[in-house]
Amino acid sequence: MNWQQTVAQTVAGLGYELVDLERSAGGMLRVTIDWPWQPQQPQRFITVDDCERVTRQLQVVLEVEGVDYKRLEVGSPGIDRPLRQPRDYERFEGEVVEVTLRAPIGAAGAGLAAPARRKFRGVLRRGSDQGAWQLELLPAEPPARAGQRRSAAAPGKSAEPESVQVLGFTLDEVREARLAPVVDFSGRRPGGRAPQA
């Protein structure tokens with residue numbers, strides 16, 4: 001068994017999910033954990049106590065296994081959590097995510113995006129076919145000058161609805177995907193859940 005499997009089994013044995021595992025050239029082991037997702041159950045968040053518990057156990061296991069490292073860091077996924085497994089996509093359906101494709105969109109981007117474009121931001125939705133996903137692309141807002149407020153629709157007039165552009169993809173086409181932090185006045189939070197279609 002290699003050290004990655006050892007870490008994964010140790011984390012799972014403590015009741016957590018291994019989200020990410022990184023080993024830097026300087027000898028740092030960075031382990032990202034989360035609570036396993038259970039549909040229809042309230043969301044639980046990783047605490048400092050959870051990280052300490054996993055750190056203590058991993059230090060013992062890695063020493064027994066003879067894994068050479070300089071420093072061990074255990075943390076939570078954060079507001080830009082990566083999406084790696086199919087369950088991650090199911091868990092965060094309806095959230096704002098950023099998806100980077102393995103290859104440029106090419107001819108499929110005609111009218112939707114530049115053919116060389118790979119990175120997209122939008123609301124994650126399940127596709128109609130098995131294993132297919134969709135991204136309801138968010139409209140790009142023009143950058144505001146410093147101190148300038150964005151104009152709102154005049155009272156009594158509604159802003160014109162924009163047509164929703166949708167990018168379809170499968171997980172095999174994805175190089176990287178993660179939750180997209182949405183900035184609001186109270187600080188940063190994970191991509192706000194969009195209304196269900």
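Arginine 23 has leucine 29 of strand S2 as its bridge partner. This pair belongs to a predicted model, in which local features need pLDDT of at least 70, side-chain atom pairs count only at pLDDT 80 or more, and totals for chains, interfaces and linings use all residues. Residues are numbered from 1 along each chain as its sequence is written, and side-chain values use heavy atoms, with hydrogens and water left out. Strands (E, at least two residues) and helices (H or I, at least four) are DSSP runs numbered from the N terminus. Two strands count as paired if DSSP finds at least two bridges between them.

Strand S2 covers residues 28-34 and pairs with S1 in the antiparallel sense over six bridges. Helix H1 (residues 3-13) packs on the sheet and touches S1 and S2. The direction of H1 makes about 150° with that of S1. Helix H2 (residues 48-65) also packs on the sheet, where it touches S2 and S3. Its direction makes about 145° with that of S3. Contact here means heavy atoms within 4.5 Å. Axes are lines fitted to C-alpha atoms, for helices over the stretch in contact, and angles run from 0 to 180 degrees between N-to-C directions.

The sheet itself is open and has three strands in the order S1-S2-S3, with mixed pairing. Strands S1 (17-23) and S3 (71-75) stand at the edges with a single partner strand each, so one side of each is left without a neighbour in the sheet. Neighbouring strands are turned by 15° against each other on average, direction ignored.

Helix H2 was examined next. The 18 residues of H2 should span 26 Å at 1.5 Å a residue, and its end C-alpha atoms are 25 Å apart, which agrees. The expected span is 1.5 Å times one less than the number of residues. Asp50, Cys51, Val54, Thr55, Leu58, Val61 and Leu62 of H2 are buried. Seen down the helix axis, the buried residues of H2 fall within an arc of 145°, so they line one face. The arc is that of the directions from the helix axis to the C-beta atoms. An α-helix has 3.6 residues a turn, so residues three or four places apart point the same way. The other side of H2 carries the exposed residues Asp49, Val60, Glu63 and Val64. Buried means under 20% relative accessible area, exposed over 50%, and partly exposed in between (1.4 Å probe, protein chains only). The buried residues of H2 pack against H1, S2 and S3. Just after H2, glycine 66 takes a positive phi of about 70°.

The two helices also pack on each other. H1 and H2 meet at an angle of about 145°, with their axes 10 Å apart. From H1, Thr6, Val7, Thr10 and Val11 meet Val54, Gln57, Leu58, Val61, Leu62 and Glu65 in H2. Alanine 12 lies in H1. At 47% relative accessibility, alanine 12 is partly exposed. The C-alpha atoms of alanine 12 and proline 36 are separated by 9.1 Å, with the two residues 24 apart along the chain.

A further open sheet has five strands in the order S7-S6-S5-S4-S8, and its pairing is antiparallel. Strands S7 (165-170) and S8 (174-179) stand at the edges, each with a single partner strand, so one side of each lacks a neighbour in the sheet. Neighbouring strands of this sheet are turned by 40° against each other on average, direction ignored.

S4 and S5 (residues 119-126) pair over five bridges. Threonine 100 is found in S4 (residues 96-101) and stands opposite lysine 119 in S5. At 8% relative accessibility, threonine 100 counts as buried. It touches Arg118, Lys119, Val174, Arg175 and Glu176, not counting residues up to four places away in sequence.

S5 also pairs with S6 (residues 132-137), over five bridges. Leucine 124 has leucine 135 of S6 as its bridge partner. The hairpin of S5 and S6 has five residues between the strands, and glycine 131 there takes a positive phi near 80°. S6 and S7 pair over six bridges. Leucine 137 stands opposite glutamine 165 in S7.
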